[in-house]
Amino acid sequence: MTFAEQLPIVLNSLNEGFLQTLKLFGITLLGAVPLGLIICFGSTSRFTPLRLFCKFIIWIVRGTPLMIQLMIIYYMPGLVFDNPIWGGGDPGRFTASAVAFIINYACYFSEIYRGGIQAIPVGQDEAGLVLGMTKGQIFFKVKLLQMIKRILPPMSNEILTLVKDTSLARVISMHEIIWAGEAFMKGSQGISGIIWPLFFTAIYYLIFNGVLTVVLGKLEKKLNFFR
Amino acid sequence: MPILEAEHICKTFGKNEVLKDISFSLEKNNVLSIIGSSGSGKTTLLRCLNFLETPDKGIIKVNNKILFDSSAARTDEKAIRKNRLHFGLVFQSFNLFPQYTALQNVTLAPTLQAKNRPDFKSNKASILSEIKNHGIELLEQIGLGDRIDNYPHQLSGGQCQRVAIARALALNPDILCFDEPTSALDPELTGEVLKVIKELAEKKMTMIIVTHEMSFAKEVSNHIIFMDKGVICEEGTPEQIFENPREERTKQFLYNYNRQE
């Protein structure tokens, strides 16, 4: 098969894989952004057992490789407890990956949030209190936007890392773009023994992260209306 | 009948007794200035009145109604929130909300309060425009009618503090408290803030002012409290305190102050 004949087949396959990559990226972001806030409230709670529990979880998650976490979450229920909760096939791999990524990223996000909240002067709380606001109103109406402004640069960093980290789901054979590129080495759709599709996947990541960088940069600029 | 009565207020931080049995009262439409050196407990007293600190002991009454009594059961948060509304507090460091314009800073709290009104849903538009107009009026009164859409970082320190005063006034407090309102300002900007406070005094606003501006305290107050090491060392009219102080500690404080001037 000539290169010209291979190209459409390969691109089609990589596109399909990248769609899965994007799906995992999107779902992780949707899940980890709010879950991170909950963990952040837990890890700063005045209720000691809850605080220690959250700190413990954060320590475990940040202290072990995401790749191992993926394998433990995917294989352990079936192999150790004889209860394969994820089910077989692609949907099961995707769900297990999403769960692992959401938990992992929520822990990192929670620490970024914590820094962002603690950087807000206590005078903002006090000003809200003497104006008769509730704690919820102070958080949502006064502190949240200030926190978002402060955490946006470190969050952008994490988000770009997440795009690339989704490739780790390859380790449990989730059919994302790395898996799709690698398939042409072993043989797929009549093509085998070529490595360029695997290398070519880097372009996808690069372009997508380029778009994200622009979008996140615009968002940062948008929040420059206050200091 | 006094509008505010504080009885036997005590407050300790760790081993540090900051307030030792403070009692005083304030008549309606009067201005009380609290003076004294740093660390004498002035700010803590003000924070206790605004329920930012909980006194260990003591009673706080407004209009003869007990708002706080250390011997009674702990007040729940909702009641504390309601009690706070008797007081307004202007901070040394302004504490304006940076993401809101001057006008939004003034109208935020009244808008949130209005949402609890039973008729809010049916009269939303008219209630909100009423709040907005009141906010504009307040900002015009303090001479910032042309800056209502500016954000705090676009305003000078003196302008920020004036917005903070308008923000506190927007909730119509019975007593407006100032915690060293000009200490974070350049001498040049101090005057514009003091002028606003003086105008409020002329309008018979009941106020408590913690300040290091002695000549201002003398000019604007009906009553002066001199605090030292957590106790009220001496109190009286401005003439009494500044012209004929009785206590040795007061004389010394004023002597040191005048020497610096």
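Mentor: What follows is a walk across the contact between chain A and chain B. This is a predicted model, in which local features need pLDDT of at least 70 and side-chain atom pairs count only at pLDDT 80 or more, while totals for chains, interfaces and linings use all residues. Residues are numbered from 1 along each chain as its sequence is written, chains are lettered from A and ligands numbered from 1 in the order in which they are written, and side-chain values use heavy atoms, with hydrogens and water left out.

Chain A brings 20 residues to the contact and chain B brings 25 residues, where contact means heavy atoms within 4.5 Å. Together the chains bury about 2,200 Å², with 63% of it on carbon and sulfur atoms; buried area is the accessible area (1.4 Å probe) that two parts lose on being put together, summed over both. Of the area that chain A buries against chain B, 30% is supplied by A:V130, A:L131 and A:K141, more than by any other three residues.

Two salt bridges are counted between the chains, a salt bridge being a side-chain nitrogen of Lys or Arg within 4 Å of a carboxyl oxygen of Asp or Glu, and one of them joins the side chains of B:R47 and A:E126 (2.7 Å, N to O). On the side of chain A that touches chain B, α5 (122–130) and α6 (135–165) each supply at least two residues, and α5(A) gives the largest share, seven residues; helices here are DSSP runs (H or I, at least four residues), numbered from the N terminus.
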